[in-house]
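Please look over the sequence and the structure below before reading on. The report then takes up a few places in turn.

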Amino acid sequence: VSILSSFESRLMKLENSIIPVHKQTENLQRLQENVEKTLSCLDHVISYYHVAKDTEKIIKEGPTGRLEEYLNCMDKIQKAVEYFQDNSPDSPELNRVKSLFERGKESLESEFRSLMTRHTKPVPPILILDLISGDDEMETQEEMSLEHLPESVLHDIIRISGWLVENGRNQDFMTVYFQIRSVQLDRSIKGLKDHFRKNSSSTGVPYSPAIQNKRKDTPTKKPVKRPGTIRKAQNLLKQYSQHGLDGKKGASNLIPMEARVSIRAVTTLDKLRLLFVPAAIPLGHEHDLRVKHLSDTLSDKHGPAAGRDDVFDIEIDAYIHCVSAFVKLAQSEYQLLTEIVPEHHQKKTFDSLIQESLDNLIMEGDNIVSAARKAIIRHDYSAVLTIFPILKHLKQMKPEFDQVLQGTAAGTKNKLPGLITSMETTGAKALEEFADNIKNDPDKEYNMPKDGTVHELTSNAILFLQQLLDFQETAGAMLASQETSSSASSYSSEFSRRLLSTYICKVLGNLQLNLLSKSKVYEDPALSAIFLHNNYNYILKSLEKSELIQLVAVTQKTAERSYRELIEQQIQTYQRSWLKVTDYILERNLPVFQPGVKLKDKERQMIKERFKGFNDGLEELCKIQKAWAIPDMEQRDKIRRAQKTIVKETYGAFLNRYGNVPFTKNPEKYIKYQVDQVGEMIEKLFDTSA
C-alpha cells in the first residue's frame with residue numbers, strides 16, 4: 001500500500017509538472033503559427049507596396065507582343081488599388097498604383113485602337129462580288145465568309161475588350177470600334193463602286209477567278225435578282241437593225257423601220273430624251289445622211305464604242321451591287337461585332353456602325369429620285385427607267401434588309417421603306433405624265449416625216465413600253481401604290497398586272513389619238529393613210545414581237561384584231577388615191593363604139609384624153625409615191641401587189657379595146673406604156689433607190 005501510495009504520489013507530481021509544459025508548448029506553437037501568418041500577411045501587404053515598382057516597366061512598355069503578361073500585371077495593379085482603397089485610403093501608394101492602373105488602361109485602349117486601325121482594311125471589290133454571287137452560284141459550296149481580322153489579332157482584340165468591359169468599366173472602346181469599322185464598311189462599298197467605273201469598258205462585271213471557275217454555262221438566278229442594267233433596249237434595237245418586220249434577216253432592198261429607229265436611238269436613254277423635243281426626226285429616206293451625222297457625233301462625244309447610256313447603266317448597276325454589298329457586309333460586320341462587343345451593347349453599336357454607309361446609300365437613292373423628278377418636269381421620261389431596276393432590286397432585298405436591321409432604331413429601319421415609297425410615287429407620276437404627254441405631244445406641223453414613215457413619237461412610245469416588260473411587277477406596284485380602292489389595299493400580282501395592262505392600253509389609245517391628229521397635217525389623204533398604216537403596223541408588229549400583246553390582252557382581248565382592221569382601213573384609203581387614174585380608163589365611163597364604124601372627131605378626142613389622163617396620172621402618182629416609205633417589206637409588197645393587180649387589169653382591158661382603134665396618127669404618143677410596164681412602174685413605189 002505504501003509503495004502504491006508512493007507511486008500514485010509520484011505520478012501526480014509528474015502530471016502536475018508536465019501539464020504546464022504541455023500548455024506552454026501549445027501556446028508556443030500557436031504563437032509560431034501566428035507569427036508565420038503575420039509574416040505571410042506582411043509579405044502580402046508589402047507585395048502591394050512593390051506592385052508599382054514590379055509592373056511599372058511592363059506598363060510603360062505597353063501590351064504589344066505580350067498581351068497576356070500585360071493583363072496579368074493589370075490584374076495585380078487592380079488588386080493593389082482595391083487593397084489601398086480598403087485599408088489605407090490616405091496612402092501615397094494608392095495614388096501611385098491608381099495612376100499606373102489608369103495608364104495601363106489607356107495603353108490597352110490605345111492597343112485596341114491600334115490593332116483595329118492597323119488590321120481593318122476595306123474588303124476588296126472582287127471579294128464582295130464573290131460574296132454577293134455566292135448565294136446562287138455556289139449553292140453546293142460551303143457558305144462564304146469574310147475574314148475581317150487575322151485570327152491572332154481577333155483573339156487579342158476580344159481579350160482586350162473583355163478586360164475593358166469587366167475591369168475597366170469603360171465603353172469608349174465600343175465607340176472606337178464602330179467608328180473604325182464604319183469607315184471600313186463605307187470604304188468597302190465605295191471601292192466596289194469605283195471598281196465598276198474603272199472596269200466600265202469590259203463587257204461584264206469582273207469576278208474573281210474563284211467564282212469564274214465555279215460558274216457553269218447553265219443560267220443562274222442572279223441576273224434576275226440583280227437586273228443591273230436596261231441594256232435590253234439596246235439589244236432590242238440591235239435586233240431591229242438586223243431584222244425586217246417580217247423577221248427575215250438582212251432585208252437588202254430597204255432599210256427596216258426598226259433599223260431607222262435603232263440608228264437614231266443609238267442609246268436607249270438618249271432616244272427617250274428626244275421624246276418630246278419639238279424636232280421629231282422623220283424615219284424615212286433621209287436616213288443615210290442622218291446615220292453618218294449621228295455616228296460622227298457619237299464618235300466625237302464618247303469615242304467610237306461608247307454611248308452615254310453605258311455610263312448610266314454602269315452607275316445603276318453599281319448602285320444595285322452596292323445595295324447587295326451593304327446587306328452582305330452588314331451581316332458579316334454583325335457576326336464580328338458579337339464576338340467583340342458585350343451582348344447588351346451589340347444592337348446599339350451595330351446601329352451606329354452601319355449608319356454612315358446606310359445614309360450614303362439612301363442619299364444616293366434619293367439623288368436618283370430627285371434627278372428623276374427634275375427630268376420628269378423636263379418631260380425626260382428616260383429617267384424613270386433608272387428607277388425600275390433599282391426599285392425592283394430594293395424590293396427583292398427588303399426581307400434581307402429587315403433581317404439585318406432587326407433590333408436597330410426605328411429611324412434606321414424606316415429608311416429603306418421610305419426610299420421605296422419615294423421611288424414608287426415618282427415612278428407612278430412619270431408613267432402617268434408619259435401617258436398624258438403621248439396624247440398631247442405638240443409636234444404636229446413641224447418635222448413630220450415627208451415620206452409618211454413611222455413617227456418618232458410612235459417608236460419612242462413603244463420602246464418605252466417595252467422597257468416595262470422586264471419590270472412588270474415593279475411597274476404594277478408603282479401604279480398600285482397610287483390606288484386608293486379596296487382592291488389596291490389587298491395588293492396582288494394579278495391586280496398589278498391588270499393595272500399595268502390598263503396603263504399600256506391607255507398609252508396606246510393616246511398614241512392613236514395623237515397619230516390621227518398628226519395625220520391631218522398631210523394635204524394628201526393617201527400620204528396620211530400611208531403614215532397611219534406605217535404607224536399602226538409598227539405598233540402591231542412591235543406588240544407581237546414582245547410580250548406586250550399578252551399584257552394588253554389582259555384587259556383588251558380584241559386589240560390585235562382592232563389594229564389589223566385599222567391597217568386594212570388605211571390600205572383601202574390609200575387605194576382610193578388611184579381611182580383618179582383608173583377612172584380615166586374604166587369601161588363604164590366610156591361610150592360604146594361600133595366596130596368597123598369610123599370614129600367621129602369627138603370620139604377620137606375622148607380616147608386621146610383618156611389615154612393622156614391615165615398616162616399623166618400614172619406618172620404623177622408614181623413620181624410622188626416613189627418617195628413615200630413603207631418600211632415593212634411584207635406590207636409594202638402586199639400593197640404593191642394589190643394595186644398592180646387592179647391597175648393592170650383595168651388598163652389591160654382598156655388597151656385591148658382601144659389599142660388597135662385608129663384614134664390617132666401617132667399612137668406611141670398616147671399608148672406610152674404596155675401592161676407589164678405599168679406593173680413595173682407600180683413595183684417601184686415606196687423605193688427611192690429604184
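Is the crossing of helix 2 and helix 3 left-handed or right-handed? The crossing is left-handed, a term used where the near helix is turned anticlockwise from the far one by less than a right angle.

## About the model

This is a predicted model, in which local features need pLDDT of at least 70 and side-chain atom pairs count only at pLDDT 80 or more, while totals for chains, interfaces and linings use all residues. Residues are numbered from 1 along each chain as its sequence is written, and side-chain values use heavy atoms, with hydrogens and water left out.

## Helix 2 and helix 3

Helix 2 (residues 67–87) and helix 3 (residues 92–119) pack with their axes 9 Å apart and at an angle of about 145°; axes are lines fitted to C-alpha atoms over the stretch in contact, and angles run from 0 to 180 degrees between N-to-C directions. Helices here are DSSP runs of H or I with at least four residues, numbered from the N terminus.

Among the residues that meet are L67, Y70 and L71 in helix 2 and E93, L94 and V97 in helix 3, where contact means heavy atoms within 4.5 Å.

All 14 of the 14 residues of helix 18 are buried, that is, under 20% relative accessible area (1.4 Å probe, protein chains only).

T426, found in helix 17 (residues 415–440), is also buried, because its relative accessible area is 3%. Leaving aside neighbours within four places in sequence, T426 is in contact with V369, A372, R373, I376 and I387.

Terms used:
Helix = DSSP H or I, 4+ residues; strand = E, 2+ residues; numbered from the N terminus. Buried < 20%, exposed > 50% of the residue type's maximum accessible area, 1.4 Å probe, protein only.
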